[in-house]
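Here's a quick briefing to go with the model you have open. Grab a viewer and follow along.

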Amino acid sequence: ALYWLKKSRKEWIKKALVVAATGVGKTLIAAFDSVEYQKVLFIAHREEILNQALSYFKTTRPNSTIGYFNGNIKETNKDIILASVQTLGREEYLNKGYFEPDYFEYIIIDEFHHAVAKSYRNILNYFKPKFLLGLTATPERLDNKDVFELCDYNVVYELRLKDAINKGYLVPFCYYGIYDDTDYSVIPEVNGIYNEEELERALMIHKRAELVINNYMKFSKKRTLAFCASRNHAEFMAEYFNNAGIKCCAVYSGEQGTRALERSEAIKRLRSGEIKVIFTVDMFNEGVDIPEIDMVMFLRPTESPIVFLQQLGRGLRKARDKDYLTVLDFVGNYKKAFIIPFLLSGRDYDVEAIRKEKFTINDFDFPDGCIVDFDFRLIDIFRKQAESLKNIRALAYEEFLRIKDKLGKRPSRVEFFHYVDESIYKSMKRFSDPLINGFKDYLTFLRENNELEPDEETLCNTFAHEFIRFVENTRM
């Protein structure tokens, strides 16, 4: 990775993105051009990541001074500054009283897919480094915002999860898709997200907890991460497992319950073998390095491809006496359940691909050494969901209306691009018909869907309309 980064760098490349699913990024960041760039800023959103980076920099830059800039420490006169984005991203610290805009020659941002957030943008807008490097394993649009754009679309190194497993950098997985008869179709949704209280009510029942524990007991695993739908769900599962004699705890943010432990204490006990399972919500998606994890359980619906891959990746790190990761996924008829085979195989997916897919597991090419076993009832769910998808024109307009409701106004063409669902966007791009692919001719798309204002109607079929359409379809 270091070789290719050095080779790819040219004078006109001022920003670059490394996409790696193996954790190699932090070794790479410390070594790249370490002599040329004397003043380095490393930014992350969790203290654990900053502390991990400290050890890398100490190894590769032993003669450099290293300091922290976070809620407790404000060091400004060091060669390398490890900064918390929550602190440095505040406007009160982005001024010459702390750092000149050009103070840092080299800036590295870990988990770069978060960089669309305001605190990151404040930092990016203030500092003027010679080189900016973003690191992420999941660069796809978070909240459908384009993180590639922030690095001028310069991807200098890329190693996706499937390739990382095939090359032996990560362990293979044995995935078991377990049928869950929870009826998600009766759970109300708000802006496309299941109502949390109703979801808890459906998941926090003894019948389902018994299904989970019976499948867990089939395997003699030492360290398990289990991802839940909410804090109450994590507490419920921890209580159930402890009552069954399986030592475990819950970890989540906010007000703590009776089975909750602080994150670092839970990790310590899991590593030592004092507990066997940690039930969590989203605190272990990123910035956690526990290679010893040998089982991951998904106890909630898979609604976000990014989150699913992040959570799967928590258990794929190599460790002594660990040959593979066991994955237990409890799958019901929740929306988007059909994307799971695509995610596990590393295949790109869109609406058209899903509609055409026969959903026989043999049609998917999974990573080398991996085993994927779906309950036959899940294949039926995948097939029925694929068959029920609407035609792409109807989906495109439905997505337009969703974004309109989200923004509280008719979206501009750029806003439509930023917020459109990834799978729908990929399907739209296949077509030149503006009634399907509104990006080819947004004015016509709006007119045909009765979304134009009266004064905008006068633009249609004029030279102005022709010019706008020319710009929309020109490769810049």
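Val296 stands opposite Val327 in β15, one of the pairings between β14 and strand β15 (residues 325-331), which run parallel and are joined by four bridges. From β14 the chain crosses through helix α12 (residues 305-313) to β15, and that β-α-β crossover is right-handed (with the strands pointing away from the viewer, the path from the first strand over the helix to the second runs clockwise). Helices (H or I, at least four residues) and strands (E, at least two) are DSSP runs, numbered from the N terminus, and two strands pair if DSSP finds at least two bridges between them.

This is a predicted model, in which local features need pLDDT of at least 70, side-chain atom pairs count only at pLDDT 80 or more, and totals for chains, interfaces and linings use all residues. Residues are numbered from 1 along each chain as its sequence is written, and side-chain values use heavy atoms, with hydrogens and water left out.

**Around β14 and β11**

- Strand β14 (residues 295-298) is covered on both faces: Met295 and Met297 on one side, Val296 and Phe298 on the other, are all buried (under 20% relative accessible area; exposed is over 50% and partly exposed is in between, with a 1.4 Å probe and protein chains only).
- β14 also pairs in the parallel sense with strand β11 (residues 224-227), over four bridges.
- Within that pairing, Thr224 stands opposite Met295 in β14.

**Around β13**

- Strand β13 (residues 277-280) sends Val277 and Phe279 one way and Ile278 and Thr280 the other, and all of them are buried.
- On the β11 side, β11 and β13 are parallel partners over four bridges, with Phe227 opposite Thr280 in β13.
- Strand β12 (residues 248-251) is also joined to β13 by four bridges, again running parallel, and here Ala250 stands opposite Phe279.
- β12, helix α11 (residues 263-272) and β13 make up a right-handed β-α-β unit.

**The sheet these strands belong to**

- Put together, it's an open sheet of seven strands in the order β12-β13-β11-β14-β15-β8-β16, with parallel pairing.
- β12 and β16 (371-374) are the edge strands, each pairing on one side only.
- Neighbouring strands here are turned by 15 degrees against each other on average, direction ignored (axes are lines fitted to C-alpha atoms, for helices over the stretch in contact, and angles run from 0 to 180 degrees between N-to-C directions).
- α12 packs on this sheet, touching β11, β14 and β15, and its direction makes about 155 degrees with that of β14 (contact means heavy atoms within 4.5 Å).
- Over at the β16 end, strand β8 (residues 173-179) and β16 pair in the parallel sense over four bridges, and Tyr176 stands opposite Asp373.
- Helix α15 (residues 376-388) lies across β8, β15 and β16, running at about 80 degrees to β8.

**The other seven-stranded sheet**

- An open sheet of seven strands also runs β3-β4-β2-β5-β6-β1-β7, with parallel pairing.
- Strand β1 (residues 15-20) runs parallel to strand β6 (residues 131-136), and five bridges join them; Val19 has Thr136 as its bridge partner in β6.
- Helix α3 (residues 47-60) lies across β2 (40-44), β3, β4 (80-84) and β5 (106-109), running at about 170 degrees to β4.

- Glu239 sits in helix α10 (residues 231-243), and at 32% relative accessibility it counts as partly exposed.
- Between Glu239 and Asp180 there are 20 Å in space, C-alpha to C-alpha, and they are 59 residues apart in sequence.

**The whole chain**

- The protein chain has 21 helices and 16 strands.
- Its radius of gyration is 24 Å, close to the 23 Å that the globule rule gives for 476 residues, so the chain is as compact as a globular protein of that length (taken over C-alpha atoms; the rule is 2.2 Å times the number of residues to the power 0.38).
- The C-alpha trace spans about 75 × 60 × 40 Å along its principal axes.
- Buried residues make up 51% of the 476.
- Of the contacts with a separation of 6 or more, 71% are between residues 24 or more positions apart.
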